[in-house]
Amino acid sequence: AFTFSYSVEDDYGVTSANAKIALPGTERQTNSLYEAPEIGLPLPRRNARSGASKTSENLTEHPWAGADITLTLEARDAAENLGQSEPYKYTLPARRFSDEMARAIVSERRKLALDRRQAGRVADMMDAITTRPELFFEDRFGVYLSIGVANRRLRDAQNDDDLRTVVDMLWDIALGIEDGNVSLAAERLRQAREALSEAIENGASDEEIERLMAELREAMNEQIGRASC
């Protein structure tokens, strides 16, 4: 978790406070696929003229986790004056992955999330690790297929929403590698739901919808089975 302490002091009394997180450099901020995480700062008491407090936020799943950021504390008083701290350079905490492949996937996820222009490089990286499945995916064929699906969606992406879908997929894949079959079953269930939703929206045939519904039922049963193990 991201935990820090802070103090406030103002003649009129502080009415609200928050922590502003930003990527260093305007260009990086502009090309990020995601807005900065928002952190509200609890006050020691309402309209406090002085006091200290602390807060804790778990940002390890946020796409910016592990990125270098600047942190600025802001406070507003009863007279609507805004005060700011000096910017503080920090690296957002990130979940630690012990599996080398999971770490590589998360690294590519972060690159894509922080800069949409990296989409081509991330796709090339996924091509590289799926070229020789016998070397990297000897006993994890499901992971190999998942990365292939993510890669195709990345190369077919038409807008930022499509890219963010890939970012989500890469996170789920990394969790599946790190945590095992429970996370993989959850990823398969999510993909089955997406596929069925897209088919309905696109006016697919009854036969195609029935096939996708069968896959969804199978994925749901697998998820229930994994959860009860």
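Predicted model: local features only at pLDDT ≥ 70, side-chain atom pairs only at ≥ 80, totals over all residues.
1. On the H2 side, Met101, Ala102, Ile105, Val106, Glu108, Arg109, Leu112 and Ala113 meet a set of H6 residues: Leu163, Val166, Val167, Leu170, Trp171, Ala174, Ile177 and Glu178. Sorted by class, this contact of H2 with H6 has 13 nonpolar residues, no polar ones and three charged ones.

2. Now for the geometry of that pair. H2 and H6, the latter covering residues 160-179, pack at an angle of about 165°, and their axes are 9 Å apart. Angles over 145 degrees count as roughly antiparallel, and H2 and H6 are therefore roughly antiparallel to each other. The crossing of H2 past H6 is left-handed.

3. H2 also packs with H3, at an angle of about 160° and with the axes 9 Å apart. That angle makes H2 roughly antiparallel to H3. Here too you will find a left-handed crossing as H2 passes H3. Met101, Ile105, Glu108, Lys111 and Leu112 are the H2 residues that make the contact, and Ala119, Val122, Met125 and Ile129 are those of H3. The residues of this contact of H2 with H3 divide into seven nonpolar, two charged and no polar.

4. Met101 deserves a moment of your time. This methionine is found in helix H2, residues 100-114, and takes part in the contact with H6 as well as the contact with H3. Is Met101 buried or exposed? The cut-off for buried is under 20% relative accessible area, so methionine 101, at 10% relative accessibility, counts as buried. For a sense of distance, methionine 101 and isoleucine 173 are 72 residues apart in sequence, with their C-alpha atoms 9.9 Å apart in space.

5. Next, please look at H3 (residues 119-130) with H5 (residues 141-156): these helices pack at an angle of about 150°, and their axes are 10 Å apart. H3 is, because of that angle, roughly antiparallel to H5. H3 passes H5 in a left-handed crossing. From H3, Ala119, Val122, Ala123, Asp124, Met126, Asp127, Ile129 and Thr130 meet Tyr144, Ile147, Ala150, Asn151, Leu154 and Arg155 in H5. By class, the contact of H3 with H5 comprises nine nonpolar, two polar and three charged residues.

6. H5 itself is worth a check. Its 16 residues reach 23 Å from the first C-alpha to the last, close to the 22 Å expected at 1.5 Å a residue. Which residues of H5 are buried? They are Val143, Ser146, Ile147, Gly148, Val149, Ala150, Asn151 and Leu154.

7. Glutamate 80 sits in the loop between strand E4 (68-77) and strand E5 (82-84). Most residues other than glycine have a negative phi. Phi of glutamate 80, however, is near 70°, a positive value in a residue other than glycine. With a relative accessible area of 54%, glutamate 80 is exposed.

8. Finally, Ser7 belongs to strand E1, residues 2-22. Serine 7 counts as exposed, at 59% relative accessibility. If you set aside the neighbours within four places in sequence, serine 7 is in contact with Gly51 and Ala52. Between serine 7 and glutamate 201 there are 194 residues of separation in sequence and 52 Å in space, C-alpha to C-alpha.

Technical notes:
Residues numbered from 1 in each chain as written. Heavy atoms only, no water. Helix = DSSP H or I, 4+ residues; strand = E, 2+ residues; numbered from the N terminus. Buried < 20%, exposed > 50% of the residue type's maximum accessible area, 1.4 Å probe, protein only. Axes fitted to C-alpha atoms, helices over the stretch in contact; angles between N-to-C directions. Parallel < 35°, antiparallel > 145°, perpendicular 65-115°, else oblique. Left-handed = near helix turned anticlockwise from the far one by under 90°. Contact = heavy atoms within 4.5 Å. Nonpolar A, V, L, I, M, F, W, Y, C, P; charged D, E, K, R; others polar. Expected span 1.5 Å × (residues − 1).
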